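Subject: Structure handover: charges and rings

Hello,

Here is the structure for you to open alongside this email. My notes on its charged and aromatic side chains follow below.

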Amino acid sequence: MEWEIIKPDEQSVTTWSGGKTRELFLMPKTSSYKARNFRLRLSTATVTADESTFTQLPGYDRKLMVLTGQVQLQHDNKSVIKLSALETDEFAGDSITTSQGQCRDFNIMQAQTAGFTTAFKGYTKMPHVFFESNDEDFFYAVKGNFSFECANYTNFFFLNQGSVLHLKRASQRMICHTSKSHCCLIHVGLKKR
C-alpha cells in the first residue's frame with residue numbers, strides 16, 4: 001500500500017468569479033488546472049456571490065457535493081436542482097451551469113478519457129468501517145480530526161481537519177475514529193475501467 005497526506009499548507013487557493021477554490025489533489029502532479037491537461041482534480045469551493053456561472057470544462061465530467069449552505073444549480077437552462085449539505089449532483093463539464101445561493105462545496109473533475117470511474121460519499125458519524133476494493137482512495141477531513149486503524153494493525157493514519165489522505169491499493173479493512181461529535185469526512189473511491 002502506498003499513501004500520502006496532503007496538508008492545507010500544501011494546497012493552492014485561487015479566486016474564481018463566484019468566490020474562492022482550494023485545490024486538494026491533482027493527477028498527474030505535473031499537470032495544471034489552468035492548462036486543462038489533468039486527469040483528476042479534487043477541490044473545494046466557497047461560493048460567496050448570490051449568483052454565479054461555473055467555469056466550463058469541455059472534455060471533463062464533474063461531481064459536486066454541498067458541504068455547508070444551500071445552492072440551486074441549473075445546467076443548460078434545464079430544471080433547477082436544489083442542494084443542501086451532503087447532497088450531490090453530476091454534470092458534464094461543458095454544460096452552462098449557473099448557481100444561486102451561497103455555499104461551500106466539494107468537487108470532483110475528471111477527464112472523460114481518464115480511464116477510471118469515481119464515486120464519493122460524505123460521513124458524519126464515527127466510528128465507521130471502510131473496506132473498499134478501489135485502486136485508489138481519498139479521504140478529506142472537512143470537519144474534525146480523524147484516525148484510521150488498518151486491519152493488519154501495522155498502519156495508523158492521522159488526518160487533521162483540512163487534510164487529504166490518498167491511498168493506493170489499500171484493499172484492507174480500516175476503522176475510522178474521531179473525538180469530535182460533529183464531524184464530516186468525504187471518501188472518494190477511484191476504480192480503473
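A charge sits over a ring if NZ of Lys or CZ of Arg is within 6 Å of the ring centre and within 35 degrees of the ring normal. Please keep in mind that this is a predicted model.

**Charges over a ring**

Start at Tyr33. The charged end of Arg36 sits over the Tyr33 ring, 4.4 Å from the ring centre. Arg41 also lies over the face of Tyr33. For Arg41, the distance to the ring centre is 4.0 Å.

**Salt bridges**

Arg41 turns up again here. How many salt bridges does the structure hold? The count is 2.

One joins the side chains of Glu23 and Arg41, at 2.9 Å from N to O. Glu23 is in strand β3 and Arg41 in strand β4. They are 18 residues apart, so this pair links distant parts of the chain.

Are these two residues buried or exposed? Glu23 is buried, with a relative accessible area of 18%. Arg41 is buried too, because its relative accessibility is 4% and the cut-off for buried is under 20%.

The other salt bridge pairs Glu4 with Lys29. Their closest N and O atoms are 3.1 Å apart. Glu4 belongs to strand β1 (residues 2-6). Lys29 is in the loop between β3 (19-27) and β4 (40-47). This pair also links distant parts of the chain, 25 residues apart. Glu4 counts as partly exposed, at 22% relative accessibility. Lys29 counts as exposed, at 60%.

**Aromatic pairs**

The count comes to 11 aromatic pairs. Two of them are worth a look on screen.

Trp3 and Phe157 form an edge-to-face pair. Their centres are 5.0 Å apart, with 65° between the planes. Trp3 is in strand β1, and Phe157 is in strand β16 (residues 156-159). The pair links parts of the chain 154 residues apart. Trp3 is partly exposed at 49% relative accessibility. Phe157 is buried, with a relative accessible area of 2%.

Phe38 and Tyr60 make a stacked pair, because their planes are at 25° and their ring centres 4.4 Å apart. Phe38 lies in the loop between β3 and β4, and Tyr60 in strand β6 (residues 60-69), so the pair ties together parts 22 residues apart in sequence. Both Phe38 and Tyr60 are buried.

Finally, which residues form one aromatic cluster? They are Tyr123, Phe130, Phe139 and Phe148.

Best wishes

Conventions:
Residues numbered from 1 in each chain as written. Predicted model: local features only at pLDDT ≥ 70, side-chain atom pairs only at ≥ 80, totals over all residues. Heavy atoms only, no water. Salt bridge = Lys/Arg side-chain N within 4 Å of Asp/Glu carboxyl O. Helix = DSSP H or I, 4+ residues; strand = E, 2+ residues; numbered from the N terminus. Buried < 20%, exposed > 50% of the residue type's maximum accessible area, 1.4 Å probe, protein only. Phe/Tyr/Trp six-rings, centres within 6.5 Å; stacked < 30°, edge-to-face > 60°.
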